[in-house]
Amino acid sequence: MINVGVLGYGTVGSGVVEIIQKNHDIIAKRVGEEVQMKYVLDLRDFPGDPVEKILVHDFEIIKNDPEVHVVVETMGGLHPAYEFVKASLEAGKSVCTSNKALVADFGPELLQIAADKNVNFMFEASVGGGIPIIRPLKSSLAPDEIEEISGILNGTTNYILTEMTEKGSAFDTVLKDAQDKGYAEKDPTADVEGFDACRKIAILTSLAYGKQLDFEDIYTEGITKITDRDICYAKKMDAKVKIFGSSKKVGDQVSAMVAPKLITREHPLYSVDGVFNAILVKGNMVGDVMFYGQGAGKLATASAVVSDVMDCARHQGININTLWDADKLQLMPMDDVKNKFFVRVSGTQAENAAKVTEVFGAVKAIDAGYADEYGFVTDYITEGTYAKAAESLGNVISKIRFDS
């Protein structure tokens with residue numbers, strides 16, 4: 001019998017309880033023994049909910065019960081989630097979490113405690129919700145050197161950009177619609193400014209290269225500056241605007257960023273629209289592998305958590321090694337990273353063409369029918385070269401990187 005304690009009876013936590021109870025028999029068959037809920041921790045009461053029978057308000061009850069084998073953390077945030085997870089591991093209990101902030105900030109430390117105690121710290125749901133990506137990186141793709149990871153890692157921003165593309169609506173209008181439909185939080189900052197995707201690509205990159213990548217070190221740019229004009233230009237290029245979290249190995253260095261990009265229909269992620277997420281991994285042997293599905297949602301995310309619970313149940317007393325050291329991964333200087341850029345400048349093509357060619361070299365002009373500005377695409381240049389050229393022009397309206 002494997003007993004489980006869940007910390008937090010919110011959206012994901014209640015989903016975990018539901019799956020373990022509804023799919024009790026199939027989970028038992030696949031694990032080889034029964035998995036059951038013993039406790040649910042929450043500050044609130046839930047009158048009339050069957051969870052009342054196992055509801056507790058004191059974490060110490062779960063920590064000190066030797067019959068609890070696996071703790072599920074679905075509280076969110078850093079504190080007290082970190083303290084509870086650390087204490088659970090130190091008490092000899094495996095932990096499964098969906099908390100990307102916790103994993104991004106404390107992953108190596110918690111993995112080391114788990115190894116020392118011969119238990120497991122698992123976090124499949126922290127990046128792709130219901131999309132399996134952590135386990136494939138650790139096992140299925142283990143023989144490969146990971147050359148690149150590129151993903152649409154946030155359903156809220158993908159929904160907003162899809163609606164802007166399909167309906168020609170302004171950002172603010174679509175954001176309000178996303179909030180009304182429950183796709184965006186009341187405070188959408190973490191999503192629309194790219195911070196959510198940043199933590200996710202930090203986790204994936206750390207796992208891919210075995211060292212800690214602090215999310216604060218990743219260049220991060222959100223979608224709040226994307227306009228209906230940008231979308232119109234994109235359509236003229238038979239392209240779409242998507243926001244990507246990406247990392248790439250260049251020689252013996254690694255670059256990483258979160259930023260909107262233009263992609264054409266030849267790109268594998270071109271058709272990933274709405275609230276769906278997708279992650280493209282390139283291995284030096286396997287080539288391109290894509291993972292696609294719902295990146296969030298109660299049961300999709302809870303399903304990934306329960307898959308970790310089952311893995312922990314199968315490996316009682318056996319630590320599954322995860323290569324993720326506390327040593328920091330040094331990123332390539334941002335100025336040295338190469339990209340193509342789609343650039344809009346104020347003024348007509350006649351007024352700008354000569355100066356643009358002088359500072360950027362050969363470019364491809366894009367005519368979207370706007371008489372008061374000039375749009376063009378550069379060749380591959382470094383970020384540093386772009387910054388100097390843009391400063392020299394002095395009339396840049398916006399830029400979007402072009403992943404062609």
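**Salt bridges, strand pairing and cysteines**

At a relative accessibility of 22%, D214 counts as partly exposed in this structure, which is a predicted model. D214 takes part in a salt bridge with K328, in which the closest N and O atoms are 3.3 Å apart. Because K328 belongs to strand β14 (residues 325–328) whereas D214 sits in the loop between β8 (211–212) and β9 (219–220), this pair ties together parts that are 114 residues apart in sequence. K328 is itself partly exposed, its relative accessible area being 40%. The side chain of K328 also meets that of D217 in a salt bridge, with an N to O distance of 2.8 Å. This second pair again links distant parts of the chain, since D217 lies in the loop between β8 and β9 and K328 in strand β14, 111 residues apart. For D217, the relative accessible area is 40%, and the residue is classed as partly exposed.

In total, 29 salt bridges are counted in the model. Among them is the pair formed by E60 and K63, whose closest N and O atoms are 3.2 Å apart. These two residues are 3 residues apart in helix α3 (residues 59–63), and are thus separated by about one helical turn. Both ends of the pair are partly exposed, E60 at 35% relative accessibility and K63 with a relative accessible area of 25%. Elsewhere, salt bridges link E124, R135, D308, D311 and R314 in a network.

Turning to the strands, an open sheet of 6 strands shows parallel pairing, in the order β3-β2-β1-β4-β5-β6. Antiparallel pairing is found between strand β12 (residues 276–283) and strand β13 (residues 287–294), which are connected over 8 bridges.

With regard to cysteines, a search of the whole structure finds 0 disulfides. The cysteine sulfur closest to that of C96 belongs to C312 and lies 3.7 Å away, which is too far for a bond, given that a disulfide requires the two sulfur atoms to be within 2.5 Å. C96 counts as buried, at 0% relative accessibility, and C198 likewise counts as buried, at 2%.

Notes
Residues are numbered from 1 along each chain as its sequence is written. This is a predicted model: local features need pLDDT of at least 70, side-chain atom pairs count only at pLDDT 80 or more; totals for chains, interfaces and linings use all residues. Side-chain values use heavy atoms; hydrogens and water are left out. Two strands pair if DSSP finds at least two bridges between them. Helices (H or I, at least four residues) and strands (E, at least two) are DSSP runs, numbered from the N terminus. Buried means under 20% relative accessible area, exposed over 50%, partly exposed in between (1.4 Å probe, protein chains only). A salt bridge is a side-chain nitrogen of Lys or Arg within 4 Å of a carboxyl oxygen of Asp or Glu.
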